[in-house]
Amino acid sequence: MGIVHFYLVRHGQTKVNRLARLQGATDSALTVRGIMDARKLGRRMADINFSAVFASNLKRTQETADNIIQMNNFPDPPRLFLSDLKEFDFGQYEEARKRTLIPNAMRALGPFQIIRTAFGKKHANGLVDLFNRMANNIPLESSEDLSERMKHTLESIGRVYDKGEHDILIITHGLILSSFIESLDGTVPLTLVKNTNVVRIDYFDGKFVIRSKNFSGKKK
């Protein structure tokens, strides 16, 4: 059996991020800062010979992948775009201003529920559940389904690269990545995984193990 080193990256800053609005299914391009941060990350990981690069079907992850690989010291690896790596769809709250969302949530759910979610051990998954409760009976993805979607996608990739040792770059999104980390009993910041931050997770013998957060660029 082999081992896969997954380098899971949240995409660079986008125009919607800069406006402090929610961004799930919305397809927004990277800002100049987002491009520069992706290239900076690429330089940190320049000596990693990636067997493949996977990104979601949204252009912000694809642009991030392109800018990271431009800085790599090895020949371009194959790149594949998977819809299962996409972000949680916020439904009616897509592109809502974050500063107006909290008062609306307070009115809909009450302050105790908001505080309990924000300071709970698994606040990323709690956030997904809050949006489901505010969705006015419009079905959204559950927190369990969200983390399972990421898990199954990585398992499928892991089975393809199950011989030897492989480094795989995954460019995805903040909430789905944070939800997956919490499902592995890891912790994430209150504001979730930040733009162009990296989490290295190893996959072997059918198991995921978190090795490092905000990967420094030196493989251990």
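In this predicted model, helix α2 (residues 32-44) packs against helix α3 (residues 59-70) at an angle of about 45 degrees, and the two axes lie 7 Å apart. Helices (H or I, at least four residues) and strands (E, at least two) are DSSP runs numbered from the N terminus. Axes are lines fitted to C-alpha atoms, for helices over the stretch in contact, and angles run from 0 to 180 degrees between N-to-C directions. Two packed helices are described by the angle between their axes and the distance between the axes. The helices α2 and α3 are therefore oblique to each other; angles under 35 degrees count as roughly parallel, over 145 as roughly antiparallel, 65 to 115 as roughly perpendicular and the rest as oblique. The crossing of α2 and α3 is right-handed, a crossing being left-handed if the near helix is turned anticlockwise from the far one by less than a right angle, and right-handed if clockwise.

On the side of α2, the contact is made by I35, A38, R39, L41 and G42, and on the side of α3 by T64, N67, I68 and Q70; contact means heavy atoms within 4.5 Å. By class, the contact of α2 with α3 has four nonpolar, four polar and one charged residues. Ala, Val, Leu, Ile, Met, Phe, Trp, Tyr, Cys and Pro count as nonpolar, Asp, Glu, Lys and Arg as charged, and the others, Gly among them, as polar. Within helix α3, N67 counts as buried at 7% relative accessibility. Buried means under 20% relative accessible area, exposed over 50%, and partly exposed in between (1.4 Å probe, protein chains only). When neighbours within four places in sequence are left aside, N67 is in contact with L30, I35, A38 and R39.

The model is predicted, and local features need pLDDT of at least 70, side-chain atom pairs count only at pLDDT 80 or more, and totals for chains, interfaces and linings use all residues. Residues are numbered from 1 along each chain as its sequence is written, and side-chain values use heavy atoms, with hydrogens and water left out.

From α7, the residues S143, L146, S147, R149, M150, K151 and L154 meet L175, I176, L177, S179, F180 and S183 in α8. The residues of this contact divide into seven nonpolar, four polar and two charged.

Helix α8 is mostly covered, as nine of its ten residues are buried. These buried residues are G174, L175, I176, L177, S178, S179, F180, I181 and E182. They pack against β1 (3-10), α6 (123-133), α7 (143-160), β4 (165-172), β5 and β6 (207-213). Strand β5 holds V198, which counts as buried at 0% relative accessibility. V198 and H11 are 187 residues apart in sequence, while their C-alpha atoms are 9.7 Å apart in space.

Backbone angles were also examined. Most residues other than glycine have a negative phi. Just after α8, D185 takes a positive phi of about 70 degrees. T196, in the loop between α8 (174-183) and β5 (198-204), has a phi near 60 degrees, a positive value in a residue other than glycine. E95 has a positive phi of about 65 degrees although it is not a glycine, and is found in the loop between β3 (79-81) and α4 (98-109). T196 is buried, with a relative accessible area of 10%, whereas E95 is partly exposed, with a relative accessible area of 36%.

The structure holds seven aromatic pairs. Rings of Phe, Tyr and Trp (its six-membered ring) pair if their centres lie within 6.5 Å; planes under 30 degrees apart count as stacked, over 60 as edge-to-face and the rest as tilted. One of the pairs, F88 with F90, is edge-to-face, at 5.2 Å centre to centre and 85 degrees between the planes. Both F88 and F90 are buried. Another pair, Y203 with F208, is tilted, at 4.6 Å centre to centre and 40 degrees between the planes. Y203 is buried, with a relative accessible area of 10%, and F208 counts as buried at 14% relative accessibility. Ring pairs also link F88, F90, Y93 and F131 into a cluster.
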